[in-house]
Protein chains: 2
Amino acid sequence: MASHGVRGRSGGRPTLEEVAARAGVGRGTVSRVINGSPRVSEATRAAVEAAVAELGYVPNTAARALAANRTDAIALVVPEPETRFFTEPYFSDMLRGVGAALSDTEMQLLLIFAGSDRERQRLAEYLAAHRVDGVLLVSVHADDPLPDMLSQLEIPAVISGPRSADETLTSVDSDNYGGARQAVEHLIGRGRRTVAHITGRLDVYGAQRRVDGYRDALRDAGHEADELLIERGDFSEEGGRRAMEALLERRPDLDAVFAASDVTAAGARQALREAGRRIPDDVALVGYDDSAIARHMDPPLTSVRQPIEEMGRAMTNLLLAEVADRRPSATRELERRQMVLATELVERASS
Amino acid sequence: MASHGVRGRSGGRPTLEEVAARAGVGRGTVSRVINGSPRVSEATRAAVEAAVAELGYVPNTAARALAANRTDAIALVVPEPETRFFTEPYFSDMLRGVGAALSDTEMQLLLIFAGSDRERQRLAEYLAAHRVDGVLLVSVHADDPLPDMLSQLEIPAVISGPRSADETLTSVDSDNYGGARQAVEHLIGRGRRTVAHITGRLDVYGAQRRVDGYRDALRDAGHEADELLIERGDFSEEGGRRAMEALLERRPDLDAVFAASDVTAAGARQALREAGRRIPDDVALVGYDDSAIARHMDPPLTSVRQPIEEMGRAMTNLLLAEVADRRPSATRELERRQMVLATELVERASS
DNA sequence: ATCACTTGTGGGAGCGCTCCCACGGTACCT
DNA sequence: AGGTACCGTGGGAGCGCTCCCACAAGTGAT
């Protein structure tokens, strides 16, 4: 019995079958129309569409998911505590890009935080249950097990910022190498002779690339390499400060600094101030990220901007393609794709 | 966890039936164990649990949703552009509360923005497809059609901030009336004699309640009512400014102002400054919301704090209860529930 | 006229679950 | 002893879709 539990017979939502009856066609045909198959005659299509409209038919997602073995949803996984998500514009920009790419799709976006162990546990179950067709992974640390878990579960995934030069996942990144070059070339172009670099955490691939860009830009400009001009930082303010102090000690003659992040630059600025160096008169300073602090620093900080929103859009499109590829067990082309987007130097008073 | 990834000999994820076979029981029994039914013997339960663990069984959500006619998901609908969501701490606090209430639940949270017409269109389809079991509605404007749409679709919903005294939806609100009283009583307690009020948009129910609280607090303190001390605002800075100017014109002797929002207070502060009144020496000022600007204002603003996170938690619990009630077509008790949470006065230098 | 395609269509067979009825077994009554 | 309660359990009957095979009808070449 059981037919109509909670709702009345005519009160429930119409089903495919009911639409078919109304339109005087078979179930399969309605399904074809709903899914936009080309193998339907114009007349039939019109009839079905009329029936759909009259009945107010809306497909049942659960039934579709069960039958077709897909969920029509992707997840944006943020392996950070919620706080950072709200604090850092990075995430809202990213979210905007993802949303834009999804906006004319049937795909649904799930936002999942995995900052705490507890949340990670939930996420693992979530993925094991294959509740999404694909995953967007942002801000992943080098030793995070998440990417491997995803490959093992054979869930399509796109990562922002590859973990290494031979990242196995499809990835989208901004041009860390090129961005660093832009910064350094800018400094040289302004007549600076002795450009130092405070790196980021070197277990982050992007930070390595920035060092490479720094080195190559100097070399190409005919400046001789000087490892004494490079000091290790860790993206933090305190790290920037310490690194700057070390640099001033070693090379008091430096007249420019390229810092691997704006926050690092803020730390460097402190150390410079304390050493009595004026910015930009004595020492020019360039940061990376073009975050809010860059604009509000005194003096405002020249910085390398990454096209975050565009990255979000690109990641989403790549993921959608990957999901689509996997649909009818298409030719499994394990062609890994790495997309790199250009950065932009935002010039301000610090350089 | 699941030693054998997801693939078994049969290639796919294990099903209920496979678990049943493995445990030597029937399909129904496994279902009962999975869903925590008490009508299973201890021995059987253990056997099933062992089989589940060995096989790494994870229920198929789509199948469950289809058979049980539920989704195990609720939506947090934000009828605002994304920007506001990220800018205003209100939303992150709310989200934190909702997350907390959901954290030991199987329920999934969907975050849905409905700021633009386009997004609202999508939302409508979304709801029509019954893709969530319930909806959390925050920051709803008085004339928003969303609440009615929800009732019509018979989707359980909880609203933050009832639209009127006889809100039909279950609602959670902070005690606007009591908060206003706190503010005014505080001012009187500090010896202020002539307390003015700049209201919010009076088509917002909460703003009306604040006026009521203001009036009653004055009356109970034995101050005679004076409508000249009340001026209409609209929650905006400019509105606060204009209202303050009007008040100063009418009642130059006022020595305290209770503004319906921090932003309004900021506008009032400007007008006071321009009129040469010192805060708090000449005029004491109290705001509402305890937002970031309250802390950063000069002088820091005394303000009424609403327990946003707690409201989120309460809303979620009410919604979960409502969803559960509706499960086996239980006694449809149309008992509307309105929960009101206490506010707290945060005293700072402005009063 | 026959054959070989192509195109549009109907509908059976599931997808993996929940719901619920039926049934054998025990326990407690009369 | 028979009757009446329950348990705990197995499994049929769907939930509303998609997939795919079968088949009628049309097209053109032979």
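A:Glu154 sits in the loop that links α8 (146-152) to β4 (157-160) of chain A; here helices (H or I, at least four residues) and strands (E, at least two) are DSSP runs, numbered from the N terminus. This is a predicted model, in which local features need pLDDT of at least 70 and side-chain atom pairs count only at pLDDT 80 or more, while totals for chains, interfaces and linings use all residues. Residues are numbered from 1 along each chain as its sequence is written, chains are lettered from A and ligands numbered from 1 in the order in which they are written, and side-chain values use heavy atoms, with hydrogens and water left out.

A:Glu154 is not a glycine, yet its phi is positive, at about 55°. With a relative accessibility of 39%, A:Glu154 counts as partly exposed (buried means under 20% relative accessible area, exposed over 50%, partly exposed in between, with a 1.4 Å probe and protein chains only). A:Phe235 is another residue other than glycine with a positive phi, this time near 75°. Its place is the loop between β7 (230-231) and α11 (237-250) of chain A, and at 25% relative accessibility A:Phe235 is partly exposed.

Two prolines come with a cis peptide bond. In chain A, the bond from A:Asp298 to A:Pro299 is cis, with omega near 0°, and A:Pro299 belongs to the loop between α13 (292-296) and β10 (302-305). In chain B, the cis bond joins B:Ile279 and B:Pro280, with omega about 5°. B:Pro280 is in the loop between α12 (262-274) and β9 (284-288) of chain B.

B:Pro280 also turns up among the residues that B:Ser351 touches, as do B:His186, B:Leu187 and B:Thr302, leaving out residues up to four places away in sequence (contact means heavy atoms within 4.5 Å). B:Ser351 lies in the segment after β12 (344-346) of chain B and is buried, with a relative accessible area of 11%. Its side chain makes a polar contact of 2.7 Å with the side chain of B:Thr302. A polar contact is a pair of N or O atoms within 3.5 Å; within protein, one must be able to donate a hydrogen and the other to accept it, and residues adjacent in sequence count only if both atoms are side-chain atoms.

A:Arg118, in helix α7 (residues 117-128) of chain A, reaches across to the other chain: neighbours within four places in sequence aside, A:Arg118 is in contact with B:Ser103 and B:Asp104. A:Arg118 is partly exposed, at 48% relative accessibility.

Helix α2 (residues 27-34) of chain A has A:Thr29, A:Val30 and A:Val33 as its buried residues. Seen down the axis of α2(A), these buried residues fall within an arc of 100°, so they line one face of the helix; the arc is that of the directions from the helix axis to the C-beta atoms. Their cover includes α1 (16-23) and α3 (42-55) of chain A. Just after α2(A), A:Gly36 has a positive phi of about 65°.

Then there is the DNA. Of the 27 residues around DNA strand C, those that come nearest are A:Thr29, A:Thr44, B:Leu16, B:Arg27 and B:Tyr57 (a residue is near a strand if one of its heavy atoms lies within 4 Å of it). Sugar and phosphate make up 59% of the atoms of DNA strand C that come within 4 Å of the protein. The largest share of the surface near DNA strand C, five residues, comes from α4(B).

Around DNA strand D there are 26 residues, and A:Leu16, A:Arg27, A:Tyr57, B:Thr29 and B:Thr44 come nearest. A polar backbone atom of A:Leu16 lies 2.6 Å from a phosphate oxygen of DNA strand D, and a backbone N or O atom of A:Ala63 lies 3.5 Å from a base nitrogen of DNA strand D. Here α4(A) gives the most to the nearby surface, with five residues.
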